[in-house]
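Take a look at the model below. The paragraphs after it walk through its parts in turn.

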Amino acid sequence: MGKIRVEGLKKSFGANQVLKGIDMQVKEGEVVCVIGPSGSGKSTFLRCINRLEDITAGRVIVDDQDLNDSKTDINKARENIGMVFQHFNLFPHFNVLKNIMFAPMELGKMNAKQARETAMRLLERVGLADKADAFPSQLSGGQKQRVAIARALAMNPDVMLFDEPTSALDPEMVGEVLGVMKDLAREGMTMIIVTHEMGFAREVADRVVFMDGGYIVEEGPPEEVFGRPKNERMISFLEKVL
Amino acid sequence: MKSSIKVSLLSLALLLLVVTGWSGWTGSAAAAPDSGKTYVIGTDITFAPFEFQDVSGKFVGIDMDLMEAIAKDQNFKYEIKPLGFNAAVQALEANQVDGVIAGMSITDERKQKFDFSESYFESGVVMAISESNNNVKTYEDLKGKKVAVKTGTEGYSFAESIASKYGFTIVPFDDSSQMYDDVKTGNSVACFDDYPVLAYGVNQNNGLKIVTEKEAGGSYGFAVSKGKNQELMQKFNTGLTNLKASGEYDQILEKYLGENASGPANQSRWGLIQDSLPPLLTGLGKTLLYTIVSLFFAFILGLIFGFMKVGRNKFLRGLATVFVDVFRGIPLIVLAFFIYFGIPQAFGFTMPLFLAAILTLTLNAGAYVTEIIRGGIQSIDRGQMEAARSLGLPYRKAMMKIIIPQAIRVMIPAFINQLVITLKDTSILSAIGLVELTQSGKIIIARTFSSFDIWLVVAIMYLIVITILTKLSGFLEGRLRRG
C-alpha cells in the first residue's frame with residue numbers, strides 16, 4: 001500500500017488562491033520530488049496530503065481513503081502518512097528515545113517494550129543509536145532531522161512526506177539526511193519530497209514535478225525534466241538553481 | 001498517563017461536591033424558620049466609643065453595650081457584623097443585614113430608605129486639630145486649608161455645608177483613625193466629627209485636641225430597611241425605654257464618656273505589637289486561605305476559558321473573550337461592591353460574605369489566568385502541534401501531552417506573579433468588611449491609634465509571606481525546568 005491520488009485540488013487562504021487545480025497520481029513505492037520557486041505552492045500542496053491544510057476544492061485520496069470525507073477518521077489516516085518538517089519540530093521536553101516511542105505508545109500501537117525496540121532499531125538505521133538519551137537541544141541540525149525521520153517511521157507508515165527536509169541545515173549536514181532518505185527510497189517507501197536539492201532529485205526521484213504559480217507546469221522522469229526541459233519557466237528556474 | 005486523567009477527574013468531582021455542598025448549605029440557611037431568628041446587625045468597625053474592638057478582640061462600645069442590654073431585655077438573639085460604616089449602610093439597603101447600629105445620625109435623606117428608632121444619643125459636631133497646632137481656633141482659620149472628614153457622617157455634612165463659606169477643601173476618609181492620621185501628619189489641618197467620638201479619641205491620646213463648641217444637631221438612631229423588620233424595631237424602642245427608666249442607659253454612657261471612663265491602656269509600643277500579633281496572624285491566615293481558594297477556582301476558570309480562547313469554535317472563543325474583557329476591565333473594588341451589595345439588592349437574596357469575597361477574587365484572577373494560559377499555549381511553536389497531529393494524535397492528546405507541558409514552563413513566572421497580586425488584592429476586600437490582614441490592622445488602629453507600628457507590622461507580614469511564596473515557586477520552577 002501507499003498510493004496517492006490528487007484530483008482538482010484547490011486551496012485558498014482568504015482571497016489568495018495558492019493551489020489552482022492540481023492533479024497527480026503516485027504509485028506504490030514511487031518517489032516524487034516536487035521542485036519550484038518559493039511561493040509556488042509546493043509546501044501547501046504537501047500539507048494537503050495529510051490534511052494539515054483543509055482544502056478548498058478537489059479530492060485527496062490516500063490508499064482509497066478520501067481524506068476530506070466526513071466519514072474518514074483523519075487521525076487514523078495520518079498514522080499511515082509520515083511527515084518530516086523543514087524545522088524538525090522534535091518535542092523538546094522529551095529525549096530522543098521518547099520522541100520516537102511517544103506516538104506508537106500513546107496511540108496503542110505498541111507496548112513500552114516493543115516501542116523501545118522499534119525506536120532503537122530505527123535509531124541504528126539513521127546512525128544515532130548513541131544519542132537515545134540526548135535531548136533535542138543537544139543535537140545538531142542533521143541529527144535532529146534524522147531523529148525526526150525515525151519518529152515518523154516509528155508509526156510504520158506506507159507514505160512519507162518531506163517538506164524541504166534539508167533547507168534549514170548547514171551544508172555539511174545535508175548529506176547525512178539525504179543518505180537516510182536514499183535508503184528509504186531503495187527500500188520501496190512511497191515518498192513525496194519537496195526539495196531544492198536538484199542533484200538528489202535527479203538521483204533518487206522516479207518522477208520530478210515542477211510547480212509554479214499554483215499549477216504543475218511540467219513533470220516527468222528526472223533525466224527528461226532536467227535534461228530536456230520544455231517549459232520556459234522551468235528552463236529559467238533551472239538556470240537559476242543549477 | 002492514564003493516572004493523570006484519573007486525578008483530573010477526581011479533582012473535578014471534588015470541585016462539584018464543594019460547589020453543590022455550598023449551595024446546599026446556603027439554601028438550608030435561607031430556608032430556616034423565622035421563630036427564634038438571629039438578627040444580623042451591621043455596624044462600623046472604627047467608631048469608638050460607639051463600637052470598637054477591645055484588646056481581647058471583642059466588639060465593645062456604647063452601641064454594642066446598648067444592643068446587648070436591649071436584646072437581653074427584649075429576649076432576642078442577634079449577631080454583630082462589623083462591616084465599616086458605608087458597607088453597613090449599603091448592606092442594610094441590600095438586605096444583607098437586618099439592622100444597623102453605628103452611631104448613625106437620623107436624617108431626612110436616610111429616612112427615605114430606612115426606618116429609625118427613637119433617638120438613643122444626642123450628638124453634635126466638633127472640630128479637632130493637631131495637639132501641637134496653636135494657629136487654628138475658629139472656622140475662619142481654615143481658609144485655603146484642607147479638612148479631613150469621614151464619609152457618610154454628620155461631620156461630613158457639616159463640613160460640606162460650611163466649606164464654601166470658610167473656603168476650605170474636604171478630604172474624605174472611610175474611617176476615623178485614617179482621618180486623625182491625616183490631621184496628625186499635617187495633610188489636613190483639622191477634622192470634623194461627632195463630639196463623643198472625638199472626645200473619646202482625645203481621651204485615648206490620638207494626638208488631637210478639640211477647639212470648638214458642639215454644633216447643635218445629630219441624634220443617633222438604630223435603623224432597619226424601610227417597612228422591614230418592624231418587629232425588631234418595636235423591640236428596640238421598647239427596650240430603650242426600659243433601659244432609660246431603669247438607669248442602665250446612663251450607666252452605659254457613663255462607662256464610656258464619664259469622668260471615670262478608662263484612659264488609654266498604659267502599654268509600651270512593643271507590648272502593643274505583641275498584643276496585636278494574634279489578631280493579625282488570624283487575619284493573615286484568612287488572607288492566605290482566601291488567596292488559595294480563589295486561585296484554585298480561578299485556575300479552573302482560566303483552564304476552561306483559556307482553552308476556549310485557543311480553540312477553533314468561534315462562539316466559545318467569543319465567550320471567553322467577553323469573560324476576560326469584562327472581569328479584567330472592572331476594578332476589583334467595584335466588582336466586590338457589585339457582587340456583595342448590588343446583585344443581592346437587585347434580586348432580593350442574601351449573599352454570605354465569604355462567598356462574595358471568593359467570587360470576586362476568583363472572577364478577577366480567573367480573567368488574568370485565562371490570559372496567562374492562552375499566552376502560554378500560543379507561545380508554543382505551531383510546528384509542535386503539526387508534528388503531533390501528523391503522527392496521528394488527536395487534538396486533545398496533542399494538546400495535553402505536547403503543548404501543555406511545554407506551555408506550563410512558560411506560564412510559571414506569570415502564575416507566581418498572579419499569586420502575589422491576588423494575595424495583595426485580598427486587602428481590597430476589607431472594603432466589604434472581610435476581616436483579612438489589612439482589615440485586622442485597621443481594627444486595631446481604630447482602638448489604639450498607633451498607625452505607624454501596626455501598618456509596619458502588617459507590611460512586614462505581607463512581605464515575608466510573599467517572599468516565601470516567591471522563593472518556593474522559584475524553586476519549583478527550577479525543578480520543572482530541569483526535569
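Predicted model: local features only at pLDDT ≥ 70, side-chain atom pairs only at ≥ 80, totals over all residues.

Residues are numbered from 1 along each chain as its sequence is written, chains are lettered from A and ligands numbered from 1 in written order, and side-chain values use heavy atoms, without hydrogens and water.

An unreviewed UniProt entry places "domain: ABC transporter" at residues 4–238 of chain A. UniProt annotations may be inferred rather than shown by experiment. That span is 37% helix and 26% strand, and its end C-alpha atoms lie 27 Å apart. Helices (H or I, at least four residues) and strands (E, at least two) are DSSP runs, numbered from the N terminus.

Now chain B. UniProt, again in an unreviewed entry, lists "domain: ABC transmembrane type-1" at residues 284–473 of chain B. Here the chain is 84% helix and 0% strand. The end C-alpha atoms of this span are 19 Å apart. The unreviewed entry also marks "transmembrane region" in chain B, including residues 319–341 and 454–476. Residues 319–341 of chain B are 91% helix, with end C-alpha atoms 26 Å apart. Residues 454–476 of chain B are 100% helix, and their ends lie 33 Å apart by C-alpha atoms.

Two helices of chain B pack together. They are α10(B), residues 269–310, and α15(B), residues 395–425. Their angle is about 140 degrees, and their axes are 11 Å apart. Axes are lines fitted to C-alpha atoms over the stretch in contact, with angles from 0 to 180 degrees between N-to-C directions. The contact holds 11 nonpolar, 4 polar and no charged residues.

Technical notes:
Nonpolar A, V, L, I, M, F, W, Y, C, P; charged D, E, K, R; others polar.
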